[in-house]
Amino acid sequence: MQFTRLRLNGFKSFVDPTDLVIASGLTGVVGPNGCGKSNLLEALRWVMGETRPSAMRGGGMEDVIFAGASTRPARNFAEVILTIDNSERLAPASFNQTDFVEISRRITRDAGSAYKANSKDVRARDVQMLFADASTGSTSPALVRQGQISELINAKPKSRRRILEEAAGISGLYQRRHEAELK
Ligand code: ATP
Ligand code: MG
């Protein structure tokens with residue numbers, strides 16, 4: 001799954017609309033401390049359906065909305081749009097009609113999050129499953145947070161197994177089995 005573009009608007013420090021093109025190959029993001037490098041990775045995790053505020057270094061989900069600065073008022077919403085190259089038609093059938101799949105997530109103060117796939121409303125679960133089936137997503141082992149390596153070393157066998165399942169692309173199946181057992 002190739003991500004080709006990431007757009008942010010009102011997300012954390014990215015108060016103005018920001019459009020990043022992700023070329024194939026290696027992409028590096030460099031900049032001084034506090035310029036927003038980690039926020040970019042968090043935006044990626046968030047648009048893929050992250051639900052834990054702690055994974056976004058926040059106390060609540062609305063903390064991802066630009067909180068204001070001395071010269072700028074706070075914003076009422078945050079939006080992230082991720083474009084995925086689907087020229088090989090690997091996306092699930094419901095998203096699979098176009099060469100690019102555009103996933104967006106928008107959070108509005110007091111109104112929660114809304115997701116879209118190619119401008120159509122979808123559920124959080126649809127987006128999470130799309131990425132889980134492609135062996136990526138908000139909990140993907142490809143996204144390594146600061147301090148995560150030592151967490152991994154100290155992790156219990158069950159959490160290590162989760163990581164292997166993510167990498168093997170079967171965590172979507174695991175989630176579906178869990179839901180089936182609840183029914
Ligand atoms: P480092 O090199 O230290 O890891 P970084 O480039 O990863 O830095 P980030 O942690 O991504 O930087 O960005 C931190 C900045 O984002 C801080 O200045 C913080 O105030 C700002 N920030 C985080 N959340 C919000 C928010 N909701 N509204 C406004 N600014 C925010
Ligand atoms: Mg950082």
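This is a predicted model: local features need pLDDT of at least 70, side-chain atom pairs count only at pLDDT 80 or more; totals for chains, interfaces and linings use all residues.
Strand S1, residues 2–9, runs antiparallel to S3, and seven bridges join the two. One of the paired positions is Asn9, whose bridge partner in S3 is Glu79. S1 also pairs with strand S2, residues 18–21, again in the antiparallel sense and over four bridges. In that pairing, Leu6 stands opposite Leu20 of S2. So S1 has S3 as one partner and S2 as another, by the rule that strands pair when DSSP finds at least two bridges between them.

The pairing carries on from S3. Nine bridges join S3 to S4, and these strands run antiparallel too, with Ile84 standing opposite Val101 of S4. S4 then pairs with S5 in the antiparallel sense, over six bridges. Arg105 has Tyr115 as its bridge partner in S5.

Next comes the inside. The largest nonpolar core has 28 residues, and those touching the most other members are Phe11, Ala43, Val47, Val64, Val80 and Ile103. Two or more residues each come from H1, S3, strand S4 (100–108) and helix H2 (124–133). H1 gives the most to this core, namely five residues. Phe11 shows what such packing looks like: leaving aside neighbours within four places in sequence, Phe11 is in contact with Ala43, Val64, Ala78 and Val80. As a general matter, nonpolar side chains in soluble globular proteins tend to be buried together.

Helix H2 is worth a look of its own. Its buried residues are Val127, Gln128, Leu130, Phe131, Ala132 and Asp133. The cover over the buried residues of H2 includes S4, S5, S6 and H5. Asp133 also turns up in a pairing of positions that are apart in sequence: Ile170 and Asp133 are separated by 37 residues along the chain, yet their C-alpha atoms are 6.9 Å apart in space. Ile170 sits in the loop between helix H4 (157–168) and helix H5 (171–182). Ile170 counts as partly exposed because it has 15 C-beta neighbours inside 10 Å, and a residue needs 20 or more to be called buried.

Now for the ligand. There are 14 residues around ligand 1, and Asn33, Lys37, Ser38, Asn39 and Ala67 come nearest. Sorted by class, this shell holds four nonpolar, seven polar and three charged residues. An unreviewed UniProt entry places a "binding site" feature at Pro32, Asn33, Gly34, Cys35, Gly36, Lys37, Ser38 and Asn39. Cys35, one of these annotated positions, lies in the loop between S2 and H1. Setting aside neighbours within four places in sequence, Gly36 is in contact with Lys12, Ser13 and Phe14.

Arg57 has a phi near 55°, a positive value in a residue other than glycine. Arg57 is found in the loop between helix H1 (37–47) and strand S3 (77–85), and is partly exposed, with 14 other C-beta atoms within 10 Å. Ser119 has a positive phi too, near 70°, and is likewise a residue other than glycine. Ser119 belongs to the loop between strand S5 (112–117) and strand S6 (120–122). Ser119 is exposed, since 7 other C-beta atoms lie within 10 Å.

Finally, there is Leu152, in helix H3 (residues 148–154). Leu152 counts as partly exposed, with 13 C-beta neighbours inside 10 Å. Leu152 and Ser94 are 58 residues apart along the chain, and their C-alpha atoms are separated by 35 Å.

Note on methods: Residues are numbered from 1 along each chain as its sequence is written. Chains are lettered from A and ligands numbered from 1 in the order in which they are written. A residue is near a molecule or strand if its C-beta atom, placed from the backbone, lies within 6 Å of it. Ala, Val, Leu, Ile, Met, Phe, Trp, Tyr, Cys and Pro count as nonpolar, Asp, Glu, Lys and Arg as charged, and the others, Gly among them, as polar. A residue is buried if 20 or more other C-beta atoms lie within 10 Å of its own, exposed if 12 or fewer, and partly exposed in between; C-beta atoms are placed from the backbone. UniProt positions are given in the numbering used here, feature names are shortened, and annotations may be inferred rather than shown by experiment. Two residues are in contact if their C-beta atoms, placed from the backbone, lie within 7 Å. A nonpolar core is a set of buried Ala, Val, Leu, Ile, Met, Phe, Trp, Tyr and Cys residues joined through C-beta atoms within 7 Å.
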